Every structure is written in structure tokens, then in C-alpha cells.
Amino acid sequence: MGKKLECKIEGIPCKFKVEAEDMSDDEFFRIAQEHMKRAHNRELSDEEIRRVCKLKENRFTIIELPEVPPRR
Ligand SMILES: [Zn+2]
């Protein structure tokens, strides 16, 4: 069955969407990571991306933008 990745972060107009017939969960997480970096300027670790990506019925939804750690 095909899988779908959508970005639905609250308060941010983002229409990012990917559909694939044959892709592993890991590949989807990688795409999500890449998207967060390019579109939202956030570099997320593997652990973080799993936290913000919810998987339900073959559909990944990015639902939150984690806080930016303070940089000095
Ligand atoms: Zn997005």
C-alpha cells in the first residue's frame, strides 16, 4: 500500500506533500528531515523527526515545529 507524507504544522501555510508506493519508514523520515531543513530551516535529529512525524494508516504527518535550541 502506498504511503503519504504531509506537512501540517499548525499556523504555517505549508503544502508539502509526498506520495510513494514503495518506500520504507526510514526513507520517509529522511524526506521529512530534508523538508524541515529546506522549508523550515530546522535541522532535526532522527529522534526529533520521529517525534514530530505522526504515522497513522500509512500516512505521515509533520505536526509540530520543535523549539529552536538557543545558539551562541
Ligand atoms: Zn512544511
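## The buried side of helix α1

Let's start inside helix α1, where F28, A32, Q33 and M36 are buried. Here "buried" means that 20 or more other C-beta atoms lie within 10 Å of a residue's own, "exposed" means 12 or fewer, and "partly exposed" is in between, with C-beta atoms placed from the backbone. These four residues cover an arc of only 145° around the axis, which puts them on the same side of α1. That arc is taken from the directions that run from the helix axis to the C-beta atoms.

What lies over this buried side? The cover includes β1, α2 (46-52), β3 (53-56) and β4. Contact is counted when the C-beta atoms of two residues, placed from the backbone, lie within 7 Å. On the face turned away from the buried side, α1 carries the exposed residues D26, E34, K37 and R38.

## Where these numbers come from

You're looking at a predicted model: local features need pLDDT of at least 70, side-chain atom pairs count only at pLDDT 80 or more, and totals for chains, interfaces and linings use all residues. Residues are numbered from 1 along each chain as its sequence is written.

## How long is α1?

Helix α1 covers residues 25-40, and its 16 residues should span 22 Å at 1.5 Å a residue; the end C-alpha atoms are 21 Å apart, which agrees. The expected span is 1.5 Å times one less than the number of residues. Just after α1, N41 takes a positive phi of about 60°.

## Strands side by side

Helices (H or I, at least four residues) and strands (E, at least two) are DSSP runs, numbered from the N terminus. Two strands pair if DSSP finds at least two bridges between them.

Strand β1 (residues 3-7) pairs with β2 (residues 17-20) in the antiparallel sense over four bridges, and K17 in β2 is the bridge partner of E6. With β4 (residues 59-62), β1 pairs in the parallel sense, over four bridges. There, C7 stands opposite I62.

## The whole chain

Zoom out and you'll find two helices and four strands, in the order β-β-α-α-β-β along the sequence. The chain's radius of gyration is 12 Å, close to the 11 Å that the globule rule gives for 72 residues, so the chain is as compact as a globular protein of that length. This radius is taken over C-alpha atoms, and the rule is 2.2 Å times the number of residues to the power 0.38.

Of the 72 residues, 17% count as buried. Among contacts between residues at least 6 apart in sequence, 43% join residues at least 24 apart.
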